[in-house]
Amino acid sequence: MNAWLETQVRVGDMTGPGKVDSETMQKLEALGYVGGGGPAVAAAGPLADPKDKIAVFEAYRSALALRGEGKDAEAVTALHKAVADSPGMLDAWQSMGLALARLGRVPEAVQALETALRLDPNRAAVHLALAKVYQVTGQAGPLEKHARAAALTAPGEGYELLATLKLGQ
């Protein structure tokens, strides 16, 4: 097998990517092909040993399954336990915000999603979730703010929300 692979792929013959002019680079960045969507968010402190958080991860997975079954109230309870143990668990805060929103508990949903944004201000999915919560409650200002933020890394969905807002005005 290795002999055949060597005949098919000549590693020494490969060249790296060519130079790109600055205008093309800016276009690629604007489309999201270069750059990764914004600066990485550094951890607030030392990270936990993953082996010590297996139970929290399992509780989180269980909560996601509950959400998938439409058992949002139970999912929120499980997610509260997960974030009590691991307050930096962004995905748990985001999932909790979504479950709370489906339950109609809007102030709590906004609080959970805002907590997720404090952990990663560049997370488009959280901005989109907040924009949709504000859309349902008819709050155009915050909707526009979060839709614009989402559009930086998820332009299709972010601009769709902005267009919906403008069409509704």
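**Structural briefing**

The protein exposes about 11000 Å², of which carbon and sulfur atoms supply 58%. The model is a predicted one. Its secondary structure consists of nine helices and zero strands.

**Overall organisation**

- Along the sequence, the elements of the protein follow the pattern α-α-α-α-α-α-α-α-α.
- The protein has 169 residues, and buried residues make up 30% of them.
- Of the contacts in the protein between residues at least 6 apart in sequence, 47% join residues at least 24 apart.

**Geometry of the H7–H8 pair**

- Two packed helices are described by the angle between their axes and the distance between the axes.
- Helix H7 spans residues 124-137 and helix H8 spans residues 140-151; their axes come within 8 Å and cross at roughly 155°.
- Because angles over 145 degrees count as roughly antiparallel, H7 is roughly antiparallel to H8.
- The crossing of H7 and H8 is left-handed.

**Residues in the H7–H8 contact**

- On the H7 side, the contact is made by Ala124, His127, Leu128, Leu130, Ala131, Tyr134 and Gln135.
- On the H8 side, Pro142, Leu143, His146, Ala147, Ala149 and Ala150 take part.
- By class, ten residues in the contact of H7 with H8 are nonpolar and three are polar, while no charged residues are present.

Note on methods: Residues are numbered from 1 along each chain as its sequence is written. This is a predicted model: local features need pLDDT of at least 70, side-chain atom pairs count only at pLDDT 80 or more; totals for chains, interfaces and linings use all residues. Side-chain values use heavy atoms; hydrogens and water are left out. Helices (H or I, at least four residues) and strands (E, at least two) are DSSP runs, numbered from the N terminus. Buried means under 20% relative accessible area, exposed over 50%, partly exposed in between (1.4 Å probe, protein chains only). Contact means heavy atoms within 4.5 Å. Accessible areas come from the Shrake-Rupley method with a 1.4 Å probe; for residues, only the protein chains shown count as cover. Axes are lines fitted to C-alpha atoms, for helices over the stretch in contact, and angles run from 0 to 180 degrees between N-to-C directions. Angles under 35 degrees count as roughly parallel, over 145 as roughly antiparallel, 65 to 115 as roughly perpendicular and the rest as oblique. A crossing is left-handed if the near helix is turned anticlockwise from the far one by less than a right angle, and right-handed if clockwise. Ala, Val, Leu, Ile, Met, Phe, Trp, Tyr, Cys and Pro count as nonpolar, Asp, Glu, Lys and Arg as charged, and the others, Gly among them, as polar.
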